[in-house]
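Keep the coordinates open and follow along.

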Amino acid sequence: MYLGCIGDDFTGSSDLGNTLVKQGMRTVQYVGVPQGPADPAVEAGVVALKSRSIPASEAVRLSLAALDWLRDQGCTQFLFKYCSTFDSTSEGNIGPVAEALAEALGAESVIFCPAFPATGRTIYQGHLFVGDHLLSESGMQHHPLTPMTDPDLRRVLAAQIGGAVGHVPAATVWQGPEAIRAALAAEAQAGRRFVIADAIRDEDLLSWGRALAGQRLITGGSGIALGLPGNFPLSGQAGAWTGQGGRVVALSGSCSTATRRQVAAHDGPKREVTAEEALAGLAPEDLADWALAQDGLPLIYSSADPETVAAAQKAHGREKVAAALEGLFGATARVLAARGIRRLISAGGETSGAVVEALAPDALEIGPEIDPGVPVMRAGDMVLALKSGNFGAEDFFAKAARVMEQDQ
Ligand SMILES: Nc1ncnc2c1ncn2[C@@H]1O[C@H](COP(=O)(O)OP(=O)(O)OP(=O)(O)O)[C@@H](O)[C@H]1O
Ligand SMILES: O=C(O)[C@@H](O)C(=O)CO
């Protein structure tokens, strides 16, 4: 294994796996830190954690355990993958985890590059944009767990770490890999080990990729992985993929703008679950009964607008509501699997984390792409589509069900 990746959520990890596979790297996504050794044919391993919204000390502990395992597999370069919208709070977890990984690896210079141009995430002058909006005006300011109210990533990261944050501007990136390397060296010389990396286009990410050959630790979104596979002597043998038909159910706990549009546009059977129902102990068996009684593609969702989410959180507490809903979605996935469902679609990083943890596969094979950043995946006889909150076209649920059937 050459490249060892640590993802802070499950959908984000599959987004990264999708990029690496498309760039020709044999990649496996592991669910948590594996117990035994990896298949020696694997070229990139993505250890998917659910560490984005947990206490920082716990996120650090899990990430270091993942690092140890990846080092044991022979990796020479490590990538800490977080969200392309830099989802974090002023306590972390991006800064503290990166600091711990940098210490463990003795990394002198570490970049932070959440850019993912294919989905509209770009970084210019240290500021993160989503399409033509600053991060703080993109809808992310209302995120239920990690509201992002400051688009200046230098300031956001500085609040999470113990030192000054550097910056490599787009004007330098456009001069190519040599100029990038010189700028990183100058930042390190000036005592700025952590550096925000401007990137607007895929070409910029490819330049970054070349500049980062040999760096021990990189952090960012899946975009920064575009140019990394080219630095390794890959076998060029991608595995064949077989699709899967049969009944399919969609679960959505994501409250993002994109997901709410997809829920509204879905023209199959829909069952809304409110935070109050989840807190009152709605049985997963009842939701599974409902889904199995439907034709077509049933969708069970708690996706709600920011006012509804804020009211539920105010009344019951943010963590309690999240735990009740995530617990319910995970348990429903388990009941559906026990009743023979072999295709599941899940929307939302935390929600998908709960679903995958409930199904408890060891590893996920990465298949064809549904929409940018969202691949189909397989764990034994279960085929999954895990969608990050903000990803996917308006007809995502129906499209996912179609792509899940296709061979490649
Ligand atoms: N109706 C609701 N009221 C309050 N909280 C909700 C409601 N529906 C979902 N939630 C919670 O909001 C959180 C949504 O996070 P999740 O990561 O699943 O989606 P997302 O943030 O849109 O996706 P991503 O992390 O991939 O961007 C979950 O913890 C979920 O339980
Ligand atoms: O980077 C992204 O936007 C996604 O992979 C993700 O992590 C959202 O949860």
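F86 sits in the loop between β4 and α3. This is a predicted model, and every value below is computed from it. The phi of F86 is positive, about 55°, although F86 is not a glycine. Most residues other than glycine have a negative phi, and most peptide bonds are trans. Is F86 buried or exposed? F86 counts as buried because it has 24 C-beta neighbours inside 10 Å, and the cut-off for buried is 20 or more.

Stay in that stretch of chain. N93 is placed in the loop between β4 (77-81) and α3 (94-105). The peptide bond that joins G92 and N93 is cis. Its omega is about 15°.

A360 also has a positive phi, near 50°, and is a residue other than glycine. It lies in the loop between α13 (349-359) and β16 (363-371). A360 counts as exposed, because it has 12 C-beta neighbours inside 10 Å. The cut-off for exposed is 12 or fewer.

Now step back to the whole chain. The domain assignment gives domain 1 (3-231) and domain 2 (249-405). Taken over C-alpha atoms, the centres of domain 1 and domain 2 are 26 Å apart. The contact takes 27 residues from domain 1 and 30 residues from domain 2. On the side of domain 1 that touches domain 2, the elements that give two or more residues are α1 and β2 (27-31). Which of them gives the most? That is α1, with eight residues. By class, this side of domain 1 has ten nonpolar, 13 polar and four charged residues.

Turn to the ligand site. Ligand 2 is surrounded by 14 residues. The closest are G12, D15, S84, G349 and S388. Helix α1 (residues 10-22) supplies the largest share of this shell, three residues. Recall that α1 also gives the most to the side of domain 1 that touches domain 2. Both domains take part around the ligand: the shell draws at least three residues from each of domain 1 (3-231) and domain 2 (249-405). By class, the shell around ligand 2 has ten polar, two nonpolar and two charged residues.

Next comes the nonpolar interior. In soluble globular proteins, nonpolar side chains tend to be buried together. The largest nonpolar core here has 121 residues. Those with the most contacts inside it are V47, F112, C113, A197, W208, A385 and F397. Helix α12 (residues 318-338) gives the largest share of this core, nine residues. The core lies between domain 1 (3-231) and domain 2 (249-405), because both give residues to it.

Which residues does F112 contact, leaving aside its neighbours within four places in sequence? They are L153, L157, F194, V195, I196, A197, T219 and G220. One of them, A197, is itself listed with F112 among the residues with the most contacts inside the core.

End with a sheet. Three strands form an open sheet in the order β6-β7-β8, with antiparallel pairing. The edge strands are β6 (121-124) and β8 (133-134), and each pairs on one side only. β6 pairs with strand β7 (residues 127-130) in the antiparallel sense over four bridges. To locate one bridge, take Y124: its partner in β7 is H127.

Notes: Residues numbered from 1 in each chain as written. Chains lettered and ligands numbered in written order. Predicted model: local features only at pLDDT ≥ 70, side-chain atom pairs only at ≥ 80, totals over all residues. Near = placed C-beta within 6 Å. Nonpolar A, V, L, I, M, F, W, Y, C, P; charged D, E, K, R; others polar. Domains from an automatic or database assignment. Core = buried A, V, L, I, M, F, W, Y, C linked by C-beta atoms within 7 Å. Contact = placed C-beta atoms within 7 Å. Pairing = 2+ DSSP bridges.
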